Amino acid sequence: MEGFRCFLDTESLRIPQSPLPECVSGSSSQNPIGESHFDQTLEAAFSRLKVSPFCRQPQLSRFDGDCSNGSLIKYPINDHGLGGENFIPFCNDELQSLNLNSGGNGVLSHLGLRDCWVQSDIDCSNGFVPNLNQHSDNSPHWLQASLNGWSVADLRGRVAFLATDQDGCRCLQRAMEAVPNKELIDLIFLEVLEHVATLMLDPHGNYVVQKLVEVCSEEQRTQMLLMLTKKNDLQLICISLDTRGTRSVQKLLKYVSTKEQITLIMRALSPGVVALSKNSNGQHVIEHCLEHFSVQDNEHLLHVVANNCCEIAKDKSGCCVLQKCVEHSNGQNRERLVAAITVKAIVLAVDRYGNYVLQHLLGLRMPQITENLLRQLRGSYMSLSCNKYGSNVVEKCLLDSGEEKSSQIIFELLTNRNVSMLLLHPFGNYVIQTALSVSKGLYHNALLNLVQLNSHVMRGNYYGQKVLAWCDRSLQHM
């Protein structure tokens, strides 16, 4: 039969004998092949693992859109990444639009997993392909016992496929956790290495990769990094953007130690710093680099973040990354980053996420940083006080800038002809309350007079009542 692969001597490939539970179905005399479980061949064993001796290639599909301006790029179509040649409309011109120096102002800034690709080149020449329609969630329990009895020779050529099976991946992990067997680990490493990018994205395979990273040697980790970074410039970035892939990448980052390994990682991640920072999965990879690598190793990363600080700060994940960048930088790198944020202070102050970055800078209570920020915000305190997010920044300025600087802010508010509207404003009333709490002497009395002059109007307003209640509590504690 065309496409059928068979073993010439099946007797030599029998599964090693091991005790089987009595509850295993098929142990009765009605066995259709007339053999006990101890006498089954590897073909029969792999059929229970939902692996077929037929080399069936998955059905290929192609993108029907027009990509005449460039070549199409392959990417996996299923959880295993075993989809063969499937294509997405990601053309050469779009790839060229990626600005490597700016950290990804081109298409990479908006990458999601569906827009990136990881090569899948698992070879079916050994006659075994996994069932692509489902995982073996119902795989028999005897598989675990059987695999434990297999020799290294029995596993050769099948590790990658076993790694994508629920029971198979668990058995491989246990085998690596057991008494160290260099021959076994070397075999698993060599077969996983060939398909490491695909397995990192697999629901089960990613756990095998993580365990392998823990037990393999320093040299083998370097080989794994070379495989992930040399074959495709964007491969490590795409894996980091994936929910499962990011776990494998973080595990790999945890165990890197040599300068060569760190250099390979930072070079591979640099083009996608912006995309990673704005992604809920990728942000953890960037934060790991910031927390565990030196400032010198992260210098280019920090430079890219500084050049794109406004875009990153206005993102939910990005604002967290930017705060980490400030914390884990120093010297000129921090000065450049803080200066870039300060220039965009007005824009960031009224942003739902950017305002947290400014509050973080103010919370550092570093005189030079605080002074530069207040200078940038000067003349805008009134409008910021009437903004949902900006009012939080003004309050932070009043609380963390010291008496002298806070008095200057209060003076700007009091001399504005519309200051009385803050007493009745949904957000401005909180600024007035904070100003009353930090002010002293002349400025405190001026605020109390403002409240007294408008008290008759404030009593009929919900937000005005809050300010009056604060004043009443203050008087009671005097």
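Trainee: Is Asp400 buried or exposed?
Mentor: In this predicted model, Asp400 is buried, with a relative accessible area of 12%.

Trainee: Which side chain does Asp400 meet in a salt bridge?
Mentor: Asp400 pairs with Arg365, at 2.6 Å from N to O. The pair links distant parts of the chain, 35 residues apart: Asp400 lies in helix H24 and Arg365 in the loop between H21 and H22.

Trainee: And Arg365, buried or exposed?
Mentor: Arg365 counts as exposed because its relative accessibility is 56%.

Trainee: What about the phi of Arg365?
Mentor: That phi is positive, about 55°, although Arg365 is not a glycine. Most residues other than glycine have a negative phi.

Trainee: OK, how many salt bridges does the structure hold?
Mentor: There are 11. One of them joins Lys259 and Asp297, with the closest N and O atoms 2.6 Å apart. That pair also links distant parts of the chain, with Lys259 in helix H13 and Asp297 in the loop between H15 and H16. Lys259 is exposed at 55%, whereas Asp297 is buried at 16%.

Trainee: Where do Glu218 and Arg221 lie?
Mentor: Both are in helix H10, 3 residues apart, about one turn of the helix. Glu218 is partly exposed at 30%, while Arg221 is buried at 7%.

Trainee: Switching topic, why is helix H15 largely enclosed?
Mentor: Because 8 of its 11 residues are buried. Those include Gln283, Glu287 and His288.

Trainee: Which helices do the buried residues of H15 pack against?
Mentor: They pack against H11, H12, H13, H14, H16 and H18.

How values were computed. Residues numbered from 1 in each chain as written. Predicted model: local features only at pLDDT ≥ 70, side-chain atom pairs only at ≥ 80, totals over all residues. Heavy atoms only, no water. Buried < 20%, exposed > 50% of the residue type's maximum accessible area, 1.4 Å probe, protein only. Helix = DSSP H or I, 4+ residues; strand = E, 2+ residues; numbered from the N terminus. Contact = heavy atoms within 4.5 Å. Salt bridge = Lys/Arg side-chain N within 4 Å of Asp/Glu carboxyl O.
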